[in-house]
Amino acid sequence: MKRLLLFIAFVAGIQAVSAAGRAMEILEKLAAGFRAMPGYGVNFEVVSGDYKNRGSYVVEGRNYYLALADAEVFADSVVRYEIDNRRREVTVTEVDAASRNILNNPVRAFDFLGSEYVPALVSEAGDRAVVRLTPAAGNDSPAGNVTVTVSTATMRPLSLSYDYDGEQVLVRVLDIAPLTGHVRAFDRQAYAGYEFIDFR
């Protein structure tokens, strides 16, 4: 009986290592697909409670432009301009280059490689895999756990789910395409009359 229990524990350990390896493999292929594109555009849908809206963003290198409802965001590698067109406000901050949140830093939205998260394969069936990322010790990310659903046929993301202390934010990826042209740069004159709030 003791030998049987030891064998079961051994097999379970191998399966856990195998699942962790598969989760890492999926994340590596996901990140590689985005790194292979010098620029790309993503259309997405955000759902959180009763809120539901569609948006889009384009990335070129470390620059991006994002539009969602009344908001726009321009960012280069240093400065981020968040525009609230309803309030006619522009909030200026430094870019949070470490963020993996798709709405805060789409440049790294699908790059979970490194030591900040511990990946685990939740499920894999057909051409769909679900990977849960748990913040590693020392990672004080406010996003908490992140769940990524990936098409294993294309190694492209289908959705991201963020857990903000129990509040769920789901981002469905509607389509991804290579960027044609360049990312728009922030033009201060286009927002003449807006209030600028600079937190740098």
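The model is predicted, so local features need pLDDT of at least 70 and side-chain atom pairs count only at pLDDT 80 or more, while totals for chains, interfaces and linings use all residues. Residues are numbered from 1 along each chain as its sequence is written, and side-chain values use heavy atoms, with hydrogens and water left out.

**Overall make-up**

- The protein chain holds 1 helix and 12 strands; helices (H or I, at least four residues) and strands (E, at least two) are DSSP runs, numbered from the N terminus.
- Read from the N terminus, the order of elements is α-β-β-β-β-β-β-β-β-β-β-β-β.
- Of the 200 residues in the protein chain, 36% are buried; buried means under 20% relative accessible area, exposed over 50%, and partly exposed in between, with a 1.4 Å probe and protein chains only.
- The protein chain exposes about 11300 Å², of which carbon and sulfur atoms supply 53%; accessible areas come from the Shrake-Rupley method with a 1.4 Å probe, and for residues only the protein chains shown count as cover.
- Among contacts with a separation of 6 or more, 44% are between residues 24 or more positions apart; a contact means heavy atoms within 4.5 Å.

**Nonpolar cores**

- The largest nonpolar core has 36 residues, and Y57, F110 and L160 touch the most other members; such a core is a set of buried Ala, Val, Leu, Ile, Met, Phe, Trp, Tyr and Cys residues joined through side-chain atoms within 4.5 Å.
- Helix α1 (residues 2-35) gives this core its largest share, 5 residues.
- A second, separate core has 11 residues, including F74, I83, V92 and F186.
- Not counting residues up to four places away in sequence, L160 touches I102, A109, F110, F112, V146, T147, V148, V169, L170 and V171.

**Aromatic pairs**

- The whole structure contains 11 aromatic pairs; rings of Phe, Tyr and Trp (its six-membered ring) pair if their centres lie within 6.5 Å, and planes under 30 degrees apart count as stacked, over 60 as edge-to-face and the rest as tilted.
- F74 and F186 pair edge-to-face, at 5.6 Å centre to centre and with 70 degrees between the planes.
- Because F74 lies in strand β4 (residues 71-75) and F186 in the loop between β11 and β12, this pair ties together parts that are 112 residues apart in sequence.
- F74 is buried, with a relative accessible area of 3%.
- F112 and Y117 also form an edge-to-face pair, with 5.6 Å centre to centre and 85 degrees between the planes; F112 is buried at 2% relative accessibility, and Y117 is buried at 7%.
- Ring pairs join Y65, F74, Y81, F186, Y191, Y194 and F196 into a cluster.

**Salt bridges**

- Side chains of opposite charge can pair when their charged atoms come close.
- The whole structure has 9 salt bridges; a salt bridge is a side-chain nitrogen of Lys or Arg within 4 Å of a carboxyl oxygen of Asp or Glu.
- E45 and R172 form one of them, at 2.8 Å from N to O.
- This pair links distant parts of the chain, with E45 in strand β1 (residues 39-48) and R172 in strand β11, 127 residues apart.
- E45 is buried, with a relative accessible area of 9%, whereas R172 is partly exposed at 35%.
- D84 bridges to R87, with the closest N and O atoms 4.0 Å apart; D84 is partly exposed at 22%, and R87 is exposed at 54%.
- D198 bridges to R200, with the closest N and O atoms 2.6 Å apart; D198 is partly exposed at 43%, and R200 is exposed at 54%.
- A network of salt bridges links R22, E25, K29 and E124.

**R184**

- R184 sits in the loop between β11 (167-178) and β12 (195-198) and is partly exposed, with a relative accessible area of 48%.
- Leaving aside neighbours within four places in sequence, R184 is in contact with Y65, E72, F74 and Y191.
- The side chains of R184 and Y65 are joined by a polar contact of 3.4 Å; a polar contact is a pair of N or O atoms within 3.5 Å, where within protein one must be able to donate a hydrogen and the other to accept it, and residues adjacent in sequence count only if both atoms are side-chain atoms.
- The C-alpha atoms of R184 and V58 are separated by 9.0 Å, although the two residues are 126 residues apart along the chain.

**N105**

- N105 lies in the loop between β6 (89-94) and β7 (117-125) and is buried, with a relative accessible area of 3%.
- A polar atom of the N105 side chain lies 3.1 Å from the backbone oxygen of S99.
- Leaving aside neighbours within four places in sequence, N105 is in contact with Y64, D96, A97 and S99.
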